[in-house]
Each structure stands twice: as C-alpha cells, then as structure tokens.
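User: I'm new to this structure and would like to learn how to read it. Can you walk me through some features?

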Amino acid sequence: MVAASLTASSTVASHARLTDSHGRVIHDLRVSITDRCNYKCVYCRTGEEGAQYPELAIEEYLRLIRLFVDLGITKVRLTGGEPLLRHGLVDMVRQLARMRTLWDEPLDLALTTNGHLLDSLATPLKTAGLNRVTVSMDAVDAGVFERITRIAGSHKTVLGGIRAARAAGLTPLKINCVLLRGFNEDQIEGFARFAREEGVVVRFIEFMPLEEGRLWSPEIVVPLAEIVERIGRVLPLVELPPWEASETARRYTFSDGRGEIGVIAPVTRAFCGACSRVRLTSDGKIRTCLFSQVEHDLYGRMRAGASDEELRTYIFRTVQGKEARHHIGEPGFLKPSRSMVHIGG
Ligand code: SAM
C-alpha cells in the first residue's frame, strides 16, 4: 500500500519549506478545481464537450492545499478548466481566506477565469476573501473574440465580467491574451489602448504547445520582441522592474506613466530558472512543470489513507524532483499527456 511505504523516520517537518534540487524555493500553488470549460477557444480545445478527469470534493482540495501551505506555499491560484463553473467555489474561497501561511499571514488568493460568469460572482468572491482575478481575453474586437471562443455574445459578457471584477475591487485586474499569428496578432495595438482606457494590466502570452489539437509551430508564436516593437510604434513604452524575482511577465508602462502591459514569453525568453510554481490537477495529481512527462498521484495516496505527515513528505520529495526547465522547440520535445485546459493554466 502506498501510504505504508512512507516510514516515520523519513517524514519531513511540517515547517520545512518546499524547494527543488535546483535551489528554487516553491511558494506558488495553482489548483485546478475542474477541467470542464464553457468556452471552446480554438487554440486550446478541439471543440469536444466535457471533462476528461474527475473532480475532488471541495473539502479534499482544501485538505491538500493545507498541506502545501504547511510547507511554505504563500500564494494559491484557483484555475481550471473554468473555475467559476465549480459548485461550492465561493465557500471554498471563504475557507482558503481563513488559512494562514507559515509566517502567520493570510494567503495571497487569486483566480484565473474566462470571465463569463464573473458579473454575478465578482462581489461574492471578493466578499469571501479572494484578492485578485486574471481574466482571459484574446481579442478586443467582438468578432475576432467570438471566432476564438466559439461562443456567441461572449465578448459583451466578458467585458461585463471585467467591469464587475474591477468594481468589486478584485484588483489589480489582469487580462491575459494569448497571441497567435494569423488569429489575433492584429489585436496588439487595440489591447494597449484597452489597458489604458479600462485601467487593467494586459498581459500578452506567447502560445505554448499545450493545445488539445495540433496547432503549435514556432511560426505561430508571436514573440515578445515583436509585441513590444509593435506597441512602441503607436504608444512608446518604458520597461518596469519586476515585482519579484519569480515574476513571469516583463512589465512595461507607457511613456506618460498611465497604464501597464506585460509580456509573458515562455517560448522566446523562458523564465524556468526563477520558477516558483507547482500545480495540482483537478483529480489531485501534482505536476511540477507544465511540461512534466510524469504526474504524482497525491490524491491516490490520500484516498489510500495516508496521514497528513506522510502526504507532506510525499509533496516535499516530489517537488524536490521538479524539472530544471522545459524543452519547447528543442529536438525530441514531447508534449505532455494533458493539454492546458486539463492541467490548469
Ligand atoms: N478558463 C480559465 C481561463 O480562461 O482563464 C482558466 C483556464 S485557461 C486554460 C488558463 C489560461 O491558459 C488562459 O489565459 C488561456 O488563454 C491560457 N492558455 C490556454 N492554452 C494555452 C497555450 N497553449 N499557451 C499559452 N496559454 C494558453
């Protein structure tokens, strides 16, 4: 039995901090609470409906998250699939907001969403203790947006969700836009204006080979250098210092200081060396990298009756083995067995 294979002499103290064998401190946990999604973004999903993986009960996620927090996690981001589809989410946030870090501080609680259900959920989530949201929005133009999401009316609904989140104080509000050549790269300049007009931080993301289908190629990636150059032609940019060493985005403001954009460039400027993240999938598997070839069945151990101490030891050892970096674009690169929607972005 799995749980029995961990002996008392090999357990870690609950106050040990998660680190990996490359010297990185891991303090950021992303938890997928469903792999269902109500959008079918063309670059992410094939268009098939439904979940592929089971979901845990909210109480089970909370127990597992607690164990990570015991090991030094300070930031938890809920994601999916589409996390706002998950029944019990507001109560889950309320319970997470009560957790304290190893340093007796509240968790930094964030959520990534497509924004479709945010209009009605923004205020309850804020009241429950959520700090921030990131909304995915891949075009400012309604026609382009709806061709990408494959959902009629989605542009207006998501804009409403963004404004509701801002009004609820889920700030700084970040908008994530994945850029693909031939799909939405003509939206770059419009997004720069949108960032200023709406008072949101727009972050462009380079497309990674994590889609359900087979769309990715190096040519479809719109690289950081091109994004910055294109915006700079219409609105001059000034680079800002990172908030923290593990910051994924290069940050820029406009030359008049009003507004902010960021570029997350995992393909052309990989930031693995400063990675502080680990992921838990909706079915309770630990993924130490988006591109991991192996998953670690934490939930299986919990279901088999492992104690908190045994589970913490398992988490600690698993994170020690975190991959040094991804190998996108290199010969022999292998896509992971799960796509982004099933891992939790
Ligand atoms: N449903 C939520 C949402 O739309 O934000 C959360 C899950 S979604 C998988 C998380 C983020 O991953 C979104 O911003 C999405 O655009 C991004 N994403 C999906 N596939 C991607 C890929 N292949 N490369 C880069 N980002 C991707």
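**Starting from T134**

Analyst: Let's start with one residue and its neighbours. Leaving out residues up to four places away in sequence, T134 touches R77, L111, T112, T113, K174 and N176. Keep in mind that this is a predicted model.

User: Where does T134 sit, and is T134 buried or exposed?

Analyst: T134 belongs to strand 4. To judge burial, look at the relative accessible area: buried means under 20%. T134 has 2%, so T134 is buried. Its side chain also makes a polar contact of 3.2 Å with the side chain of R77.

User: Which strands pair with strand 4, and in what sense?

Analyst: For pairing, you look for bridges between two strands. Strand 3, residues 108–113, runs parallel to strand 4 and is joined to it by four bridges. Within that pair, A110 stands opposite R132. Between strand 3 and strand 4 the chain passes through helix 3, residues 118–128, in a right-handed β-α-β crossover. Strand 5, residues 174–179, also pairs with strand 4 in the parallel sense, over three bridges.

User: Which residues are closest to the ligand?

Analyst: Here you check which residues surround the molecule, then look at individual atom pairs. The ligand has 18 residues around it, and the closest are Y43, G81, E82, S136 and M208.

User: Which atoms of Y43, G81 and M208 lie by the ligand?

Analyst: For Y43, a polar side-chain atom lies 2.6 Å from a ligand oxygen atom. With G81, a backbone N or O atom is 2.8 Å from a nitrogen atom of the ligand. M208 also places a backbone N or O atom 2.8 Å from a ligand nitrogen atom.

User: What about the nonpolar core: which residues have the most contacts inside the largest one?

Analyst: The largest nonpolar core here has 106 residues, and I65, F68, L78 and F204 have the most contacts inside it. Helix 1, residues 58–70, supplies the largest share of this core, with eight residues. Take F68: not counting residues up to four places away in sequence, its contacts are L18, L29, I73, V278, L280, I286, L298 and I315.

User: What should I look for in the backbone itself?

Analyst: Then look for exceptions. The peptide bond from T171 to P172 is cis, with omega near 0 degrees. P172 is found in the loop between helix 5 and strand 5.

User: Where do D104 and R150 lie, and what is phi for each?

Analyst: D104 has a positive phi, near 60 degrees, and is found in the loop between helix 2 and strand 3. R150 has a positive phi near 60 degrees too, and lies in the loop between helix 4 and helix 5.

User: Why does R150 count as partly exposed?

Analyst: Partly exposed covers the range between the 20% limit for buried and the 50% limit for exposed. The relative accessibility of R150 is 36%, so R150 counts as partly exposed.

Conventions. Residues numbered from 1 in each chain as written. Predicted model: local features only at pLDDT ≥ 70, side-chain atom pairs only at ≥ 80, totals over all residues. Heavy atoms only, no water. Pairing = 2+ DSSP bridges. Right-handed = clockwise from strand over helix to strand, strands pointing away. Core = buried A, V, L, I, M, F, W, Y, C linked by side-chain atoms within 4.5 Å. Buried < 20%, exposed > 50% of the residue type's maximum accessible area, 1.4 Å probe, protein only. Contact = heavy atoms within 4.5 Å. Near = heavy atom within 4 Å. Polar contact = N/O pair within 3.5 Å; in protein donor to acceptor, adjacent residues only side chain to side chain.
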